[in-house]
Amino acid sequence: MVYGITGVLLFDGTFFMQTIEGPPLKTREVFTFIAADRRHKKVKPFGIQQIEDRDFPDWHMELIGPDETGRIIPDMRHLEFSYSRLREIQASAVDVARRRQSPRFH
């Protein structure tokens, strides 16, 4: 775990959506680095909040690829960025993470 950061990266084949979890200063540094990277365009934070427990404590920025992301976010190109829609996406990504975890983490 680099800098104490965990999270998930969703990719539908065109667009990325990412959850970054960790110490506030380090998550800001990682986000700043991502936003400054010329390979990324239109980087936008959807929500920043203090959390008690991580949704992806055992994931070092794991990728959920196009097939699974397409099932989670079929409307990625025209996504409604409401809090409730983002929570639905997060919950679906957490479900994928839990299914992928090996039994030794339960």
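**Group meeting: a walk through one predicted chain**

Let me begin with helix α3, which has 18 residues and reaches 26 Å from its first C-alpha to its last, close to the 26 Å expected at 1.5 Å a residue, where the expected span of a helix is 1.5 Å times one less than its number of residues. Helices (H or I, at least four residues) and strands (E, at least two) are DSSP runs here, numbered from the N terminus.

A word on the basis: this is a predicted model, in which local features need pLDDT of at least 70 and side-chain atom pairs count only at pLDDT 80 or more, while totals for chains, interfaces and linings use all residues. Residues are numbered from 1 along each chain as its sequence is written, and side-chain values use heavy atoms, with hydrogens and water left out. The chain averages a pLDDT of 89, and 93% of the residues score at least 70, pLDDT being the predictor's confidence in each residue, from 0 to 100. Among the elements of the chain, the lowest mean pLDDT belongs to α3, at 92, and the highest to α2, at 96.

Staying with α3, its buried residues are Arg-85, Leu-86, Ile-89, Gln-90, Ala-93, Val-94, Val-96 and Ala-97, where buried means under 20% relative accessible area, exposed over 50%, and partly exposed in between, with a 1.4 Å probe and protein chains only. An α-helix has 3.6 residues a turn, so residues three or four places apart point the same way. The cover over the buried residues of α3 includes β1, β2, β3 and α2, counting contact as heavy atoms within 4.5 Å.

That brings me to the strands, which pair if DSSP finds at least two bridges between them. Strand β1 (residues 6-11) pairs with β2 (residues 16-21) in the antiparallel sense over six bridges, and within that pairing Leu-10 has Met-17 as its bridge partner in β2. With β3 (residues 62-64), β1 pairs in the parallel sense over three bridges, and there Leu-9 stands opposite Leu-63. The hairpin of β1 and β2 has four residues between the strands, and Gly-13 takes a positive phi near 105° in it; this glycine is partly exposed, at 43% relative accessibility.

Positive phi also turns up in residues other than glycine. Lys-42, with phi near 55°, is found in the loop between α1 and β3 and counts as exposed, at 84% relative accessibility. Met-61 has a positive phi of about 50° and lies in the loop between α1 and β3, but Met-61 is partly exposed, at 22%.

Now the rings: those of Phe, Tyr and Trp (its six-membered ring) pair if their centres lie within 6.5 Å, with planes under 30 degrees apart counted as stacked, over 60 as edge-to-face and the rest as tilted. By this rule there are three aromatic pairs. One of them is Phe-11 with Phe-16, stacked at 4.2 Å centre to centre and 20° between the planes. Phe-46 and Phe-81 are stacked because their ring centres are 4.3 Å apart and their planes at 15°. This pair links distant parts of the chain, 35 residues apart, with Phe-46 in the loop between α1 (24-36) and β3 and Phe-81 in the loop between α2 (66-72) and α3 (83-100). Phe-46 is partly exposed at 35% relative accessible area, as is Phe-81 at 40%.

Finally, Lys-44 lies over the face of Phe-81, at 4.8 Å from the ring centre, where the rule asks for NZ of Lys or CZ of Arg within 6 Å of the ring centre and within 35 degrees of the ring normal.
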